[in-house]
Structures are given as structure tokens and as C-alpha cells.
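Dear colleague,

Please find the structure below, handed over for your work.

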Amino acid sequence: MNARKVCCLHALQLPQDLDDEDCAYSISKLIVRATSEQSPSPSLKEIHDAISRYEFAAYLEPLDVLPVLLPCSHDGATDLIRLCANKNSPKEVMLVLQEAIECLQTCLNHDEDDEEENDPDLAQRTIGVVLLCSPAISRSTLGNRSALELCSPILENVDSLIPSVAPLCTKEQGRMLVTEVACLAKFLNAWASEVADATGIHDIKNLLRKLLDTAVVYCAPSIQAFLAASAAPGCFPRSFVRSVSEEDCNDGEAVMFTVELALESLGDTPETIPWKPNSFSDLVYLAYSTTPLPLEPSSLPDLLRLLISALQMNMVIDEALFLLMQTLNRKDVSISPELATSLCAVFTALASTHLDPTIRKLNLRLLSLTLSKLPSPARLDILLKLATNEDFPQMRGPAVGLVKEAVLEALALPPDQASVNPFASTELLRLFGGVLFRPNPPEFFNERKTREELAQSLELLRIADCLSFYYVLLQRDRENKTGVRSQGNVTSVQSSILRPLRQFLDQQIAGEEHPLMAVLSLQAGLDRIDGALRTLDLDKYT
């Protein structure tokens, strides 16, 4: 008996007197068992290592082992898929590939009302399908078919699977899917250059680029290189500190490095994409480009519209926010009121509803940055809408902080500029006084609320922000440009919010052994304002 066969059977813990047919059957049984057990012996990795070491791949039966390996995520499964597909009948490998694609299409296209849940292995199975594509296509005989006719149905089908599969992927699966698609694109591009004519090469490149674009866009949430969070401390040093794991960032960047190699093989690099991108995938490639690209003013509106569209559709969020930070932080960038309004709308939505607190905070800073680039009248109009926002009431409190930023900027301007700025004039309190210095709803202080309701109240947080703004305005508007220190305005603020709030707080604190922190915070804010009014000799108007 062949010595290598004996050694391999021994390593696989199989009888050494098996004939060839029994060898193939027994190995198939070993693989099937190893895919279904938690701690099999031998494991898939051990099976692969033995078969690879002793060159026993001819005993792997594609029709038997590949279908059970495709959905398997055990260590060694992908190596066995590659070994089997590269060393055995390409016809059988192609048959398994086509059947796997049809099975995935059936599972993913099932009626949404069907009570049966999606197969949890769909994502892994799709990764296995991508693994099979290279050997199945490149090792098949063309016959009367062109290279394009051979590969286009398969590539188009795989491309159609990804949008449905990507949301089912774990972070690791999403990264692996992108990596394998990139490797597939690079491999098949080289294959096409050897077997296809010029037209076929061009068309195959387009198919591969489309497949790569699809994988990058739909699996973007899995890449998780945290571009925006990593760049935030540099763009907004007062608001952010670095809190992202460098190791995790590097893993995501490694995936995109593989993508960049695939792009280069297809004749593209992030640097060759003009600053007039026309797809979400272009945004991803631009975000990971290591070479700063010139920003032509004429291309800015189209870039911003594409970025807005990406955020509205909840696509490539990290990359879009990163590019917006890079763009809006440039001092030479100006934005039309129309685009600014759209940007503010999408930043408001994400700052209010996104599940990641870092993303919420980042969108609030981008909202502030966008507002700072607008003329004062347009900025005032947007802030007034934010302060009274009914769709996103959670933005009313942060809007007060944005108003404060605008006012402090205006008060610091030279006299000739401040005199025409509404944020440094009596226009400020005329427009915002009735919004900021009144409870919302007006009967809020008279409503009966439980302790739990008050603890979750957005209005208490908003009022705290309003008290902070009023205190700062009293202190910083030394020349009384806004009229905040005028008798009429001091009396108005007292009657509209300070006095009712004081009565409300007295009721909340009375009899409470441990008052809510929000209540104590409001009390501290009131005391601070009372102190400021006394210092400024304005308490006589209260």
C-alpha cells in the first residue's frame, strides 16, 4: 500500500486497509461529522492538514463534502473548500456552486410573511459560494462559450445575493465576505486577461467592479474601521477623546487594503476616482484613500448631495460622516443655504435617533459646524426650527446649546459686524425668548407626573440647557446688545419661567428624601442665576 496513503489514514484515525472507494466514503463521513459536532476528532482543521500534507485531495468528493462545508464556520472549513475545489472535478464543483446559488436565492426570496425564520448559516454559505467561484470558473473548460458567457451568470447571481445577505452577517462574516469578493475580483481579472478577448476583458472587469462595489457598500457596517470616530478628536478636540480600539480599526483597514489591491488590478485606485463621485462605493474608496485629494469648488455640491443621500438611506454611514468632517472642516468651503438645510435635516435625524451615542454626538458637532458656515439670518432660521422641532423633540435641548454658540460668536465680533448680526441684537430675545424661556408644553409645571416620568423627561433637560444659556448671556453680554439685562426682559423671564420653575421645584423637593438629580440640577441653575442677577444689580426687577 502507498506509504502516504497509510500515513494519511492513520492521521485521520481510519483503518489502513481501506480501498480507494472506501477511503473517499470514510473521509466524506468524517467531514460531515466534523461539521456537526462541537469537538470532533479529527477536526476539520486536522482533516485538512492531513489531506494536504499527504496529497490526498483526490479522495475528497465535491458532491458530498462541499454542500456541508459551505455553511460551516468551523476552523479549517474554508481551507477544505479551497482544497477540494482546486483539486477535483471542475464540473462537479460548478454543479455544487450552481445548486448553492439556487438554494440561497430560494431562501432569500421567501415570502416575508412566512413564519419560518431565515437560515442562520446563509451568510456563511454565501461566503462559501464566493470561495467556490474562482476555481469553478477558472478551471472550467470554455468549449464554445466565451469567458464572459461562462462567468457573467455566476457573478451576476452572486452580486444579487449580497444586498440580502449582508444584514445577516456578523462583523467577522461581513469582513470575510468583502475580503473574499476582493480576492475573487483580483483572481478572475487575471484569468480573464489570459482567456478573453479585449471586449470580454472589459466586460468582465465591469462585472467584477460592480460585484466589488456591491460588497463594499452593503457590508460597510461590518468593516468597522471607525474612520469618523477616529478622526473626531482631531476635528473636534473639545468634544471628543480617542476611544476606539486601534486593533479593531486595523482589522477593518486590512480588509480595505485587500479591496484596494483588487481595485488596482482592475485598473482603478481610490486616487483615480475624481472628486465628483457618483456612487456610494466611490465614497467608501475615497474615505480610505491615503492620498489627500483636491476638492474643486464646482464638484462640492454634487459630493454633498451624494453624502446626504447616503446618510438618508443609512448607507456607508461611517465613511460618509468621515468625508463630511474632512470637507466641512475646510475653511475655504462655503455651502448654499439649500444644501445646508438638507445637511442640517439629516444631521438632526441622526443626532436624535442613531443607536450609537458617538454617532449622535458627532452629528450634533457636524450640525454646529454646518450652521457656522451660514449667514446669520439663515442660521437663525434653522436654529429657530430646531428649538421648536416637533418631529425630534430630543433636539430641543441641544438646539439651545447651538443658539448659545451662535450668540457667543456674535458677541465676540468687532462692533461693526456685531451691529448687523441678529444674534448680538434685541432680535435674539424677540425671536427666541418665547421659545427658550417658557415650558413646553406651557402647562408642563402644572401637570401631575410620577417620579419615573420626571426622570425620563426631555423637558427638564431642555430647561436646564435654557437656564445655562440665560446665565451665560447675562454674564457675557456686558454691553446689553441683546437687551438681556433690560428691565422688561428680566421681568419677562422671571414671570415666564423662573418663578413658575421655582414653585415647581419647591413642590418636587418637599417631602423627598432623595430628590431627582435633574431637579437638583435645575435648583442649582436657578441659584446661579439669582446670584448673577444680584451681582448685576438686576434683582430689583424680579
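Apart from neighbours within four places in sequence, Leu212 touches Val181, Ala182, Val259, Ala262, Leu263, Leu266 and Tyr285. Please note that this is a predicted model. Leu212 belongs to the largest nonpolar core, which has 187 residues, and is listed with Phe347 and Tyr470 as having the most contacts inside that core.

Helix α25 spans residues 487-509 and has a kink of about 45 degrees centred on Gln494. Gln494 is itself buried, and the other buried residues of α25 include Val493, Ile497, Leu501 and Phe504. The buried residues of this helix pack against α22 (427-436), α23 (451-455), α24 (458-476) and α26 (517-535).

A helix pair may also be of interest. Helix α14 (residues 280-287) packs on helix α16 (residues 317-328) at an angle of about 60 degrees, the axes being 9 Å apart. The two helices are therefore oblique to one another, and α14 passes α16 in a left-handed crossing. Leu283, Val284, Leu286 and Ala287 of α14 meet Glu319, Phe322 and Leu323 of α16.

Some backbone features should be noted as well. The peptide bond between Ser41 and Pro42 is cis, with omega about 0 degrees; Pro42 lies in the loop between α2 (20-36) and α3 (44-53). Another cis bond runs from Asn440 to Pro441, with omega near 5 degrees, and Pro441 is in the loop between α22 and α23. Val316, although not a glycine, has a positive phi of about 40 degrees. Val316 sits in the loop between α15 (300-312) and α16, and counts as buried because its relative accessibility is 3%, under the 20% cut-off.

Yours sincerely

Technical notes: Residues numbered from 1 in each chain as written. Predicted model: local features only at pLDDT ≥ 70, side-chain atom pairs only at ≥ 80, totals over all residues. Heavy atoms only, no water. Core = buried A, V, L, I, M, F, W, Y, C linked by side-chain atoms within 4.5 Å. Buried < 20%, exposed > 50% of the residue type's maximum accessible area, 1.4 Å probe, protein only. Contact = heavy atoms within 4.5 Å. Bend = angle between axes of the 7 residues up to and from the residue. Helix = DSSP H or I, 4+ residues; strand = E, 2+ residues; numbered from the N terminus. Axes fitted to C-alpha atoms, helices over the stretch in contact; angles between N-to-C directions. Parallel < 35°, antiparallel > 145°, perpendicular 65-115°, else oblique. Left-handed = near helix turned anticlockwise from the far one by under 90°.
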